[in-house]
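Visitor: Can you take me through this one? I'd like to start with accessibility.
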Amino acid sequence: MALPSRAAEVYGFVLSVSSMVALLVFILWGYAPEEWYRYFGLLYYPDPYWAVAFPAWAMMLVAVLAGLYYARFLRNTPPLDDFRTITDSFAKAGSRGGESVLRGSWGGPADIPCAVVNRLLYSQHS
């Protein structure tokens, strides 16, 4: 029997170490004084302002996109008095108009029409 491949473990370890090193470099880029850059021979580097500005811009972008997604959802929702909130073109009524679903003989997934629910729940039978 062949041993399972350990490639996923190796890739995970390398990715974990690489992300920690990248985080350390990012933090040093934002907080290290310019003398350190010159000492290591780095003459051109992005302004450390972007070490703070980029995450702030990214978080605001995520917040704005989440708000726009929610606004789009609200915009596309029909009003409560619209017939589309009750049923749509994909609704499938069960056998005998949905009454069999409520009475126990279940023949598969189906939607129960509102008229059937109202008749069974609120009609006065003796």
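Visitor: Is Val21 buried or exposed, or in between?
Guide: Val21 is partly exposed, because its relative accessibility is 48%. Buried means under 20% relative accessible area, exposed means over 50%, and partly exposed lies in between, with a 1.4 Å probe and protein chains only. This is a predicted model: local features need pLDDT of at least 70, side-chain atom pairs count only at pLDDT 80 or more, and totals for chains, interfaces and linings use all residues. Residues are numbered from 1 along each chain as its sequence is written, and side-chain values use heavy atoms, leaving out hydrogens and water.
Visitor: Which helix is Val21 in?
Guide: Helix α1, residues 7-31. Helices are DSSP runs of H or I, at least four residues, numbered from the N terminus.
Visitor: Switching to charges: how many salt bridges are there?
Guide: The structure holds 2. A salt bridge needs a side-chain nitrogen of Lys or Arg within 4 Å of a carboxyl oxygen of Asp or Glu.
Visitor: What does Glu34 pair with?
Guide: Arg38, with the closest N and O atoms 3.2 Å apart. Both residues lie in helix α2 (residues 34-39), 4 residues apart, which is about one turn of the helix.
Visitor: And how accessible are Glu34 and Arg38?
Guide: Glu34 has a relative accessible area of 43%, so it is partly exposed. Arg38 is at 52%, so Arg38 counts as exposed.
Visitor: Which residue forms a salt bridge with Glu9?
Guide: Arg6, with 3.5 Å between the closest N and O atoms. Arg6 counts as exposed because its relative accessibility is 58%.

Notes
Helix = DSSP H or I, 4+ residues; strand = E, 2+ residues; numbered from the N terminus.
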